[in-house]
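Morning, everyone. I have one structure to walk through today. Please bring it up on the screen.

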Amino acid sequence: MSGDAAIRVAGLEKSFSDLHVLRGVDFEVDRGRIFALLGSNGAGKTTVVRILATLLKADAGTAVVHGFDVAAQAQDVRESISLTGQFAAVDEILSGRENLVLVARLRHLKNPGAIADDLLARFGLVEAGGRRAGTYSGGMRRRLDIAMSLIGDPPVIFLDEPTTGLDPQARIEVWKAVKELAGRGTTVLLTTQYLDEAEHLADRIAILHEGTIIANGTLAELKELLPPVEVEYVEKQPSLEDVFLAIVGDGTDK
Ligand SMILES: Nc1ncnc2c1ncn2[C@@H]1O[C@H](COP(=O)(O)OP(=O)(O)O)[C@@H](O)[C@H]1O
Ligand SMILES: [Mg+2]
């Protein structure tokens, strides 16, 4: 719809033999926004991200990233994105700074040292920068991983479950780093199983369930999908979890 969408997905389908994972997925992400694809384990979030990152071919449908078709213009898409997965690409033997310099060199950028120092500052890693990454906490590693994915300033970033496996303190550190990205005009598509993560970070949230997007909107819009609350003595704000359960059911017989 909007001509300015950074990501546009329409009718996306994907099966793995007889497992029909994506059954017609549609959504758009505006430039400079954080969009959360929320779904349970196995919902197909990584499958969507891998198709958008040109690592996997869809069976049907179209996907356009930064104006390029993922099937017909895969190389242009690759030059416009970075993908940070659950399993960090950090080299443990190198220091944080050396990891950043290495990536900047691999991308043939000028002044790799200056690029590294800027990113260390942005992600709160100045003091740790000279230390081996193998000594970093989970949150520091994930922040370093996100910083590495930013080298070369890709306009679109995919973060596939950026905080899975992190403790609560580290999650908050990573959230800050993600917010920093969108503050600079980068478009972020993140996947998560955590309702509170989507709630904290995202401008828009889409819920992927049984192969399609069953809800898509701002947090306020999603909360409106809830049935009206009956008389309560204390006003209670619904959590995204309440919204999720109201839409998909809680798995119990009603
Ligand atoms: N290469 C593959 N071959 C077969 N099955 C796969 C493959 N990749 C994913 N799947 C299956 O597709 C479903 C969705 O996987 P995935 O996209 O990784 O879900 P999520 O990231 O939401 O947890 C799961 O049932 C998974 O086992
Ligand atoms: Mg996944």
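I will take the sheets, then the helices, then a salt bridge.

Some ground rules. This is a predicted model, where local features need pLDDT of at least 70, side-chain atom pairs count only at pLDDT 80 or more, and totals for chains, interfaces and linings use all residues. Residues are numbered from 1 along each chain as its sequence is written, chains are lettered from A and ligands numbered from 1 in the order in which they are written, and side-chain values use heavy atoms, with hydrogens and water left out.

Now the terms for elements. Helices (H or I, at least four residues) and strands (E, at least two) are DSSP runs, numbered from the N terminus. Two strands pair if DSSP finds at least two bridges between them.

Look at strand 9. Residues 204-209 of strand 9 pair with strand 3 (residues 34-38) in the parallel sense, over 4 bridges. There, L37 stands opposite A206. Strand 9 also joins strand 10 (residues 212-217), antiparallel, through 5 bridges. In that pairing L208 faces I213, and H209 stands opposite T212. Strands 9 and 10 make a hairpin with 2 residues between them, and E210 in the turn has a positive phi of about 50°.

Contact means heavy atoms within 4.5 Å.

Strand 1 (residues 5-16) and strand 4 (residues 60-65) run antiparallel, joined by 5 bridges. A10 stands opposite T62 there.

Now helix pairs. Helix 3 (residues 96-106) and helix 4 (residues 112-122) have axes 8 Å apart and pack at about 130°. They are therefore oblique to each other. Under 35 degrees counts as roughly parallel, over 145 as roughly antiparallel, 65 to 115 as roughly perpendicular, and the rest as oblique. Among the residues that meet are L100 and V101 in helix 3, and I115 and L119 in helix 4.

How do helix 5 (residues 138-149) and helix 6 (residues 168-183) cross? Their axes come within 8 Å and cross at roughly 15°. The two helices are therefore roughly parallel. The contact includes R142, R143 and I146 in helix 5, and E173, V174 and L181 in helix 6.

Last, the salt bridge. That is a side-chain nitrogen of Lys or Arg within 4 Å of a carboxyl oxygen of Asp or Glu. The count by this rule is 12. E173 pairs with R143, with the closest N and O atoms 2.3 Å apart. This pair links distant parts of the chain, helix 6 and helix 5, 30 residues apart.

Methods:
Axes are lines fitted to C-alpha atoms, for helices over the stretch in contact, and angles run from 0 to 180 degrees between N-to-C directions.
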